[in-house]
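Work through the exercises below with the model open. Try each task before reading its solution.

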Amino acid sequence: MIRGNKIAAVGKRSATKIPAGAHVIDASGRTVVPGLIDSHTHFLSWGYRLGHLQLSEADSIKDVLARLKHYIEFRGLPEGKWVQGRGWDDQYLRERRYPNKYDLDKVSPDNPVVLTRVCGHMMVLNSLALELCNITKDTPNPRGGVIDKDDQNDPTGVLRDARGLVSEYIPPPTYEELRQGIRDAASLAHSLGATTIHDASRPDEATVHNSTQPYVDAHREGDLGIRAHVMTWYPRDWSGDEWLSFGTLKIGIDGSMGAQTALLYDPYANDSSTRGVYVGDQERNKRVVQEAHGMGGQIAIHAIGDRAVNEAVSRIEEALAVPREDHRYRIEHFEYPTDEDIMRARRLGIVASMQPNFVGEWAWPGGMYETRLGKERNRRSNPYRRLLDLGFHVPFGSDGMPFHPLYGIWSAVNHPNPDSRITVEEAVRCYTLEGAYATREEGIKGSVEAGKLADIVVLPMDITEPEFKLKATDAEVVEAAKKRLKAYKVDMTILNGDIVYKA
């Protein structure tokens with residue numbers, strides 16, 4: 001029972017006195033869960049990019065080009081107008097390769113184009129965009145990034161973790177676009193059952209605008225529409241309320257597995273010439289982690305590859321040389337840790353903030369993880385079962401790939417490695433109470449209990465039934481299941497006691 005913005009009572013209808021005039025919702029045969037918490041997404045940038053060219057459904061480079069051509073023509077873009085797109089994934093392109101400038105030039109010679117890979121760590125530019133960004137055969141690789149070049153040493157248009165080379169040339173979003181982006185993203189989040197997000201945006205994702213200001217203004221004007229914890233790239237004190245909070249320092253050590261910039265000890269299985277790259281500034285990382293620790297804030301370190309995870313654990317271990325009880329410092333992704341670093345992280349009390357939709361997208365036989373790591377090493381990736389058994393706190397998020405908590409829950413339950421699968425109940429907890437724990441809010445949300453905030457979701461099916469679990473791993477069965485899950489919207493989302501979405 002809900003009264004105001006709090007849960008007043010929990011129990012069977014027969015044991016609960018329903019007040020006269022109450023609005024009764026019958027959820028028989030469905031699943032009622034706490035409001036879902038996406039503990040790692042890029043909400044602000046994802047919201048304003050909803051108006052860009054969307055390429056997540058593209059199944060070939062030919063399809064990418066067709067969508068690009070249609071986008072330019074449909075919008076009547078004049079020559080010289082930038083085109084920005086996002087979401088292509090080479091693992092789902094028929095050609096199984098990255099698009100390049102030679103492809104893009106065929107349909108967009110007169111408009112500068114930048115198309116970002118689904119992971120956000122790689123982009124492809126056409127020739128005009130390269131020219132405007134002053135990227136030539138003589139341009140050196142930036143710190144932590146890579147400019148792909150052909151046999152003639154000319155840039156192919158593919159940039160890996162080299163966003164800094166182009167950020168100042170690409171038109172930034174306006175402040176109004178950022179505000180509208182929050183509204184649009186919140187509306188979509190409601191339809192998927194998300195009531196809280198942790199925004200891990202990088203500083204350049206809002207470019208000329210302070211990435212926190214749109215949130216602050218939306219909250220002040222009653223227009224936020226989602227509970228948000230916003231990470232920053234600089235240390236700051238913990239502050240906020242049940243709607244909006246700050247205080248987590250976000251730093252990066254490596255890139256992504258898809259862009260082959262995740263930092264590994266051993267070479268990539270599909271490219272023995274690389275072990276990934278260190279994309280952050282090591283000295284700055286050491287300094288700001290110590291500053292955040294001294295200020296009593298929190299720390300979140302992006303680390304995917306085993307070598308990056310090792311360094312992330314070491315940064316936190318160095319900070320904790322000055323002990324701090326119940327610090328709840330996080331490693332974001334924690335995809336490919338060594339056994340030694342798992343045990344170090346456990347000893348240090350590190351929170352493993354992970355994204356199960358990654359395994360749903362890329363961990364199947366022949367998928368991206370296997371391509372990058374090989375079959376044997378891939379078995380070590382995303383070890384949810386082991387971490388939970390060791391007592392880790394594991395909040396789940398999506399990183400926007402895709403933003404869909406129910407799909408993330410399904411992916412964790414059906415992990416392609418049977419030894420890493422967890423139960424439905426555990427996966428829901430990782431998407432609710434564990435997310436609340438990560439921001440010290442488990443006392444006010446994350447479970448359906450009397451006295452907690454009335455953030456509740458009604459799912460359209462009983463997800464404890466066997467139908468929610470795969471009976472086989474045949475490729476066609478997997479793809480059919482994934483498509484079905486991605487199409488689901490929830491039946492109802494209640495936020496702060498109000499119904500904000502109803503199917």
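**Exercise 1.** Which are the buried residues of helix 6 (residues 213-220)?

*Solution.* The model is predicted: local features need pLDDT of at least 70, side-chain atom pairs count only at pLDDT 80 or more, and totals for chains, interfaces and linings use all residues. Residues are numbered from 1 along each chain as its sequence is written, and side-chain values use heavy atoms, with hydrogens and water left out.

Step 1. Helices are DSSP runs of H or I with at least four residues, strands are runs of E with at least two, and both are numbered from the N terminus. Buried means under 20% relative accessible area (1.4 Å probe, protein chains only).

Step 2. In helix 6, Pro 214, Tyr 215, Asp 217 and Ala 218 are buried.

Step 3. Viewed down the axis of helix 6, these residues fall within an arc of 170 degrees (taken from the directions from the axis to the C-beta atoms), so they line one face of the helix.

Step 4. Their cover includes helix 1 (43-48), helix 5 (175-191) and strand 14 (244-252).

**Exercise 2.** Describe the pairing of strand 19 (residues 492-495) with strand 20 (residues 498-502).

*Solution.* Step 1. Two strands pair if DSSP finds at least two bridges between them; here there are four, in the antiparallel sense.

Step 2. Ile 494 stands opposite Ile 499, and Thr 493 has Tyr 501 as its bridge partner.

Step 3. The two strands form a hairpin with two residues between them, and Asn 496 in the turn has a positive phi of about 60 degrees.

**Exercise 3.** In what order do the four strands of the open sheet run?

*Solution.* Step 1. The order is 3-18-19-20, with antiparallel pairing.

Step 2. Strand 3 (31-34) and strand 20 each have a single partner strand, so one side of each lacks a neighbour in the sheet.

Technical notes. Buried < 20%, exposed > 50% of the residue type's maximum accessible area, 1.4 Å probe, protein only. Contact = heavy atoms within 4.5 Å.
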